[in-house]
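Have the picture open as you read.

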Amino acid sequence: MSRVGVFGGSFNPIHLGHTGIVKRMIKAYELSRVVVIPTFNTPLKDNTPMLSPMHRFRMCELAFEDIENVTISSIEIEREGKSYTVDTLKELKRIYPDDELFLIIGADSFLQLRLWRDVSTIFKLTSILTVVRGEVFLKELITCKEFYEKEYDAKIFISEEPICRISSTEVRNSILNNKPFTHFLPKKVSDYIIEKGLYGYEE
């Protein structure tokens with residue numbers, strides 16, 4: 001049985017925080033591979049300004065091009081409409097029926113999990129991997145973990161080493177305001193943004 005990580009998000013744009021968490025989870029939890037899934041539309045987020053799925057998918061490809069055992073999936077983009085994790089996990093379970101799924105999510109999303117559609121089914125289909133983020137106290141994550149375990153019999157693992165504090169909003173604002181931004185991103189992603197003039201980039 002393979003251990004398959006599932007990492008979804010708007011990736012608007014994908015940055016070093018995203019690639020860092022994937023590399024850490026592969027190593028820490030001995031994942032055989034990770035499927036990275038750019039969303040078409042994210043239900044719990046303000047989707048403006050959202051770059052086209054084509055550009056976000058391509059940036060994910062570039063970001064993970066040199067990282068082994070990572071594949072980029074278009075299943076949510078092809079589905080269109082709002083992207084519900086429970087539907088994606090059901091589809092992945094059909095694709096990988098004999099594999100163990102591990103859903104990789106950031107701390108902020110982890111704390112909102114009870115708001116996700118059919119969260120009880122999510123917990124049945126997958127184990128949850130999350131990571132401490134600078135502004136989120138470990139104690140808060142542990143309290144939430146204990147609630148999910150008691151309420152839903154969930155399987156949850158917390159990586160306690162904080163990841164670098166980067167947000168896609170910060171990247172977009174830096175580009176729009178002509179401030180340095182390339183240090184937030186994998187080089188191939190920043191090159192792509194510059195080449196295509198994305199997020200209002202101007203030389």
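A residue is called buried when its relative accessible area is under 20%, exposed when it is over 50%, and partly exposed in between, using a 1.4 Å probe and protein chains only. Keep in mind that this is a predicted model, where local features need pLDDT of at least 70, side-chain atom pairs count only at pLDDT 80 or more, and totals for chains, interfaces and linings use all residues. Residues are numbered from 1 along each chain as its sequence is written, and side-chain values use heavy atoms, with hydrogens and water left out.

Let's begin with the strands. Helices (H or I, at least four residues) and strands (E, at least two) are DSSP runs, numbered from the N terminus. Find strand β4, residues 100-104: four of its five residues are buried, so this strand is mostly covered. Two strands pair if DSSP finds at least two bridges between them. Strand β1 (residues 3-9) runs parallel to β4, and five bridges join the two. β4 also runs parallel to strand β5 (residues 127-131), this time with three bridges. Phe-102 is a handy landmark here: this β4 residue is the bridge partner of Gly-5, and its own bridge partner in β5 is Ser-127.

Now for the charges. Side chains of opposite charge can pair when their charged atoms come close. Here, a salt bridge is a side-chain nitrogen of Lys or Arg within 4 Å of a carboxyl oxygen of Asp or Glu. By that rule, the count is nine salt bridges.

One of them joins Arg-3 and Glu-100, with 3.8 Å from N to O. This pair links distant parts of the chain, since Arg-3 sits in strand β1 and Glu-100 in strand β4, 97 residues apart.

Another salt bridge brings Asp-66 and Lys-188 together, their closest N and O atoms being 3.2 Å apart. Again distant parts of the chain are linked: Asp-66 lies in the loop between α2 (53-63) and β3 (70-72), while Lys-188 is in helix α9 (residues 187-196), 122 residues apart. Asp-66 is exposed at 64% relative accessible area, whereas Lys-188 is partly exposed at 34%.

Finally, look at Lys-145 and Glu-149, whose side chains meet in a salt bridge of 2.6 Å, N to O. They are four residues apart in helix α7 (residues 138-152), so about one helical turn separates them. Glu-149 is partly exposed, at 28% relative accessibility.
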